[in-house]
Amino acid sequence: MIRRLALLCLALAAPALGQTTLNGAGATFPYPMYSKWFSEYHKAHPEVEINYQPIGSGGGIRQVLAGTVDFGGSDVTMSDEQLSQAKTKILHIPTVLGAVVPAYNIPGVSGEVKFTSQALAGIFLGKITSWNDPAIAEANPGVNFPNQPIVVIHRSDGSGTSFIFTDYLSKISPDWQSGPNKGASIKWPVGLGGKGNEGVAGMIRQMQGAIGYIELIYAVQNKIPYGIVKNAAGDFVKASLESVTAAAASASKMPADFRVSITNAPGKDAYPISSFTWLLIPVQSKDAAKGKIIADFLNWMVNDGQKMTADLTYAPLPDNVAAKVKDAIKQVH
């Protein structure tokens, strides 16, 4: 009996002996997608656990540079200066495409509101302060906007979602470019701060008159209305898999290091606040076994993970980008 119990204990302990845990941290923008992927990969590889802390892109960059995580996540590409600080070469591996949407809580208005680029810039600059302002009303004939103060909600943490949104605003508004400009952390002219996409989404839901920018899946999951945005071609386009894919297709050629911006893309069907998001992968892992697992996960992500993107309203990598990613993964060890 004792021997049988000992054998049972050994059998139960055996899988744990070969267990490997990968730790990552960073962007909240792709967090719903990453949670799904890491769970599915674990089902296929029970000996591998992947933990990811959604602390914002700024935190992901800091931690990958400090070497306190096995990989980072970011919606803002690292600068040349940041890359030069790294102990080993860091790859930007694009994972999916997503959209940042202007989500709102306007009393009496539940439909889709159209926003010109000038209106969005004006709201976040604090120059447009009421929902019945002509700059908003003129693009939405027939909508009865209330004389309600606009409450701007922005991110309080270093955020790739902020970078994507401010990158867009700096392209369409000279006042924005010469003022707050773009960045993961900027000095906001007006508004209240929320932590993470989920924090901003929660504040929009709770506060009448609120508007904020969040990743599309957070608006969909929280059932928050979000606006249609006028693009560079002059068309009002809703964020969707198709319009985000169109933004990627109409943007300039993908550079070898994958550091590219596709906001305000020129295509007629392109949603203008679209972006790739990246995993920040050290080429040489401190642990060779972990490096091998990271490379295997990345290949799984490109081959199998891309089939899961549509369910969470992310767009998959274009075929030509996926092919380049597979080549880049060969460097990881």
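**Exercise 1.** Which residues are linked with Lys36 in a network of salt bridges?

*Solution.* Work in the predicted model. Start at Lys36 and follow the salt bridges. The network links Lys36, Glu40 and Lys43. Then look at the whole structure: it holds twelve salt bridges.

**Exercise 2.** Classify glutamate 112 and lysine 238 by accessibility.

*Solution.* Buried means under 20%, and exposed means over 50%. Glutamate 112 has 41%, so it is partly exposed. Lysine 238 has 35%, so it is partly exposed.

**Exercise 3.** Why does the salt bridge of lysine 127 and aspartate 175 tie together separate parts of the sequence?

*Solution.* First, the contact: the closest N and O atoms are 2.8 Å apart. Lysine 127 lies in the loop between helix 5 (117–125) and helix 6 (134–137), while aspartate 175 lies in helix 8 (174–178), so the pair ties together parts 48 residues apart in sequence. Last, the surface: lysine 127 is exposed at 56%, and aspartate 175 is partly exposed at 42%.

**Exercise 4.** Is aspartate 167 buried or exposed?

*Solution.* Aspartate 167 has a relative accessible area of 4%, so it is buried. Its side chain meets that of lysine 182 in a salt bridge, 3.6 Å from N to O. Lysine 182 is partly exposed, at 44%.

Key
Residues numbered from 1 in each chain as written. Predicted model: local features only at pLDDT ≥ 70, side-chain atom pairs only at ≥ 80, totals over all residues. Heavy atoms only, no water. Salt bridge = Lys/Arg side-chain N within 4 Å of Asp/Glu carboxyl O. Buried < 20%, exposed > 50% of the residue type's maximum accessible area, 1.4 Å probe, protein only. Helix = DSSP H or I, 4+ residues; strand = E, 2+ residues; numbered from the N terminus.
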